[in-house]
Amino acid sequence: MYSDERRSRNYYQGRARWYDWANRAVALLRGVSGTRERRQAIEHLALRPGARVLEVSVGTGTNLPLISTALGGDVRLAGLDISPAMLDRCRWKLRSRKLEADLIEGEAAHLPFAGGAFDAVLHHGGLAEFGDRKGAIAEMVRVAKQGARVVICDVGVPTDRRLSLVNRLLLRLQPQYEQPPPLDLIPAGVADLNLSWFHGGAWYLIEFVVV
Ligand SMILES: C[S@@+](CC[C@H](N)C(=O)[O-])C[C@H]1O[C@@H](n2cnc3c(N)ncnc32)[C@H](O)[C@@H]1O
């Protein structure tokens, strides 16, 4: 495990209990609905009924019920995360909603899945902290089927336009916001590669189709 991975694991181990509360508080401060923003990201997966969907760095699993609802429950969910404490919260959340998912403790740059196993792959937050971002993205592509959509989103602000006060503050407080969207790390040969901004222009969303 890279030292960045160890640091990240320890960080989330200590914050798992508060993670959902903190997210809600931040959304409240920004005057937005965190759920609506998550649904936006999920819409970009263009899911079909019966899909097998993987979320890499699933955290406390907030996106999984939203994915399930989007498909009327006709979905096979899997989630991987480096932090056992985040996965425990995720299990608890799924139990309380009577949902099932394969939850696996693991590292994004070494996914324990066969190639072409998933109809869609989502990553929603965390990439900026990974030690091996290129490896993690390559793995997301490897485990996606031909024709599957991959959606990768994380913190970051566009530097080619005037930033809002909140985004300027975020840049000062959290160095991860300075990282440009990792378009240079997307493997060659994917189709329909697109970059957009959401979360009030404080997150990027990269999407593409695996060919
Ligand atoms: C910002 S949280 C995002 C959680 C969730 N996707 C969400 O939307 O709320 C980042 C997650 O990435 C996980 N993580 C950090 N480094 C990782 C790595 N190298 N491999 C897998 N997961 C990792 C953390 O444990 C944490 O749960």
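Author: A word on terms to begin with: helices (H or I, at least four residues) and strands (E, at least two) are DSSP runs, numbered from the N terminus. This is a predicted model, where local features need pLDDT of at least 70, side-chain atom pairs count only at pLDDT 80 or more, and totals for chains, interfaces and linings use all residues. Residues are numbered from 1 along each chain as its sequence is written, and side-chain values use heavy atoms, with hydrogens and water left out.

Reader: Thanks! Where does Leu193 lie?
Author: Leu193 is in strand β6, which covers residues 191-198. Together with Leu183 and Leu195, Leu193 makes a nonpolar surface patch of about 220 Å². For a patch, residues need over 30% relative accessible area and no salt bridge; like charges are joined within 9 Å, and nonpolar side chains (Val, Leu, Ile, Met, Phe, Trp, Tyr) within 5 Å. The areas come from the Shrake-Rupley method with a 1.4 Å probe, and for residues only the protein chains shown count as cover.

Reader: And how exposed is Leu193?
Author: Leu193 is partly exposed, at a relative accessible area of 43%. Buried means under 20%, exposed over 50%, and partly exposed in between (1.4 Å probe, protein chains only).

Reader: Let's switch to the ligand. How many residues surround it?
Author: The ligand is surrounded by 21 residues, the closest being Arg38, Glu55, Ser57, Asp81 and His124. To count, a residue needs a heavy atom within 4 Å of the molecule. By class, the shell has seven nonpolar, nine polar and five charged residues. Here Ala, Val, Leu, Ile, Met, Phe, Trp, Tyr, Cys and Pro count as nonpolar, Asp, Glu, Lys and Arg as charged, and the others, Gly among them, as polar.

Reader: Which helix gives the largest share of the shell?
Author: That is helix α1 (residues 3-30), with four residues.

Reader: Nice. How many salt bridges are there in the whole structure?
Author: The search finds seven. Each is a side-chain nitrogen of Lys or Arg within 4 Å of a carboxyl oxygen of Asp or Glu. One of them joins Asp20 and Lys93, with the closest N and O atoms 2.7 Å apart. This pair links distant parts of the chain, 73 residues apart, with Asp20 in helix α1 and Lys93 in helix α4 (residues 84-96).

Reader: Are Asp20 and Lys93 buried or exposed?
Author: Both are buried.

Reader: How far apart in helix α1 are Asp4 and Arg7?
Author: They are three residues apart, so about one helical turn separates them. Asp4 and Arg7 form a salt bridge too, at 3.0 Å between the closest N and O atoms. Arg7 is exposed, with a relative accessible area of 53%, while Asp4 is partly exposed at 27%.

Reader: Last one: what does the side chain of Arg149 reach?
Author: It reaches the backbone oxygen of His44 at 2.8 Å. Arg149 also has a polar contact of 2.9 Å with the side chain of Glu207.

Key:
Polar contact = N/O pair within 3.5 Å; in protein donor to acceptor, adjacent residues only side chain to side chain.
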